[in-house]
Amino acid sequence: DIFKTEKRKRGNSMRASGFWSKAFSYAILTLLGITMIVPFVWMISTSFKPLSEILILRFLPQEPTLDNYTYVMTETKLPLWYFNSLIVAIMSTISVAFFDSMAGYVFAKYQFPGKKIVFFTFLSSLMVPTEMLLIPWFIMSANPIIGPSWVDTYWGIAFPGVITAAGIFLMRQFMQGVPDELLDAARMDGVGEFGLFWRIAVPLSLPAIGALCIFNFLGNWNAFIWP
């Protein structure tokens, strides 16, 4: 009986400790969540304020108005700018998802002369700041080898991001986890090399491809200097 009583007390103590630990964790997470949400809510609230209230430290507008939205939609080219960003971000994301995953698959699963040199050349490009590439990119856009100038075109903005070294590295690291035995079994069943990539490697790498697409889309959506 004494043993059972002590065991019961110990169990109650552990449950109480677990409760307070969980409560503390939820309190911290709630506080951090509010810290992240308040600036966004403040921004939305401010968008409904007239000009005279914008600099007043008041959370809710006293005289809500839609004039700010009306001005932006009718007096500026925001819809066109929004559409342009969407087109460029989607173009780049689709291209990166396909070409980066394919390059990562090749670097992870094939052996060929100069493989390490080519891969480290890609990685070394990550050390070059974007600001140093702006002038060469513009020269390429203004004087392309084939076809007319790319200046003021969607392709002119999108072409530097159609394939990325960071994406290749990410996909190569993930593709290394695809079992070679699975690929060999598919080869014995007559699946071609591209079929191995498209039908086996890609479905198994969807989490990495999804992360790559999210990062790439946000990067292109928020791009300012190059556009």
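Modeller: The axes of α3 and α7 cross at roughly 50° and come within 7 Å. (Axes are lines fitted to C-alpha atoms, for helices over the stretch in contact; angles run from 0 to 180 degrees between N-to-C directions.) This is a predicted model: local features need pLDDT of at least 70 and side-chain atom pairs count only at pLDDT 80 or more, while totals for chains, interfaces and linings use all residues. Residues are numbered from 1 along each chain as its sequence is written, and side-chain values use heavy atoms, with hydrogens and water left out. Helices are DSSP runs of H or I, at least four residues, numbered from the N terminus.

α3 and α7 are therefore oblique to each other. (Under 35 degrees is roughly parallel, over 145 roughly antiparallel, 65 to 115 roughly perpendicular, and the rest oblique.) The crossing of α3 and α7 is right-handed. (Right-handed means the near helix is turned clockwise from the far one by less than a right angle; anticlockwise is left-handed.) On the α3 side, Asp100, Ser101, Ala103, Gly104, Tyr105, Phe107, Ala108 and Lys109 take part. They meet Gly167, Ile168, Met171, Arg172 and Met175 of α7. Contact means heavy atoms within 4.5 Å. By class, this contact of α3 with α7 holds seven nonpolar, three polar and three charged residues. (Ala, Val, Leu, Ile, Met, Phe, Trp, Tyr, Cys and Pro are nonpolar; Asp, Glu, Lys and Arg are charged; the others, Gly among them, are polar.)

Now turn to another partner of α7. Helix α4, residues 115-124, packs with α7 at about 130°, with the axes 8 Å apart. α4 and α7 are therefore oblique to each other. Their crossing is left-handed. α4 brings Phe119, Phe122 and Leu123. α7 answers with Ala165, Ile168, Phe169 and Arg172. The contact of α4 with α7 has six nonpolar residues, no polar ones and one charged.

Helix α9, residues 193-204, packs with α10 at about 70°, with the axes 5 Å apart. That makes α9 roughly perpendicular to α10. Val202, Pro203 and Leu204 of α9 meet Leu206, Pro207 and Ile209 of α10. The contact of α9 with α10 has six nonpolar residues, no polar and no charged ones.

Technical notes
Helix = DSSP H or I, 4+ residues; strand = E, 2+ residues; numbered from the N terminus.
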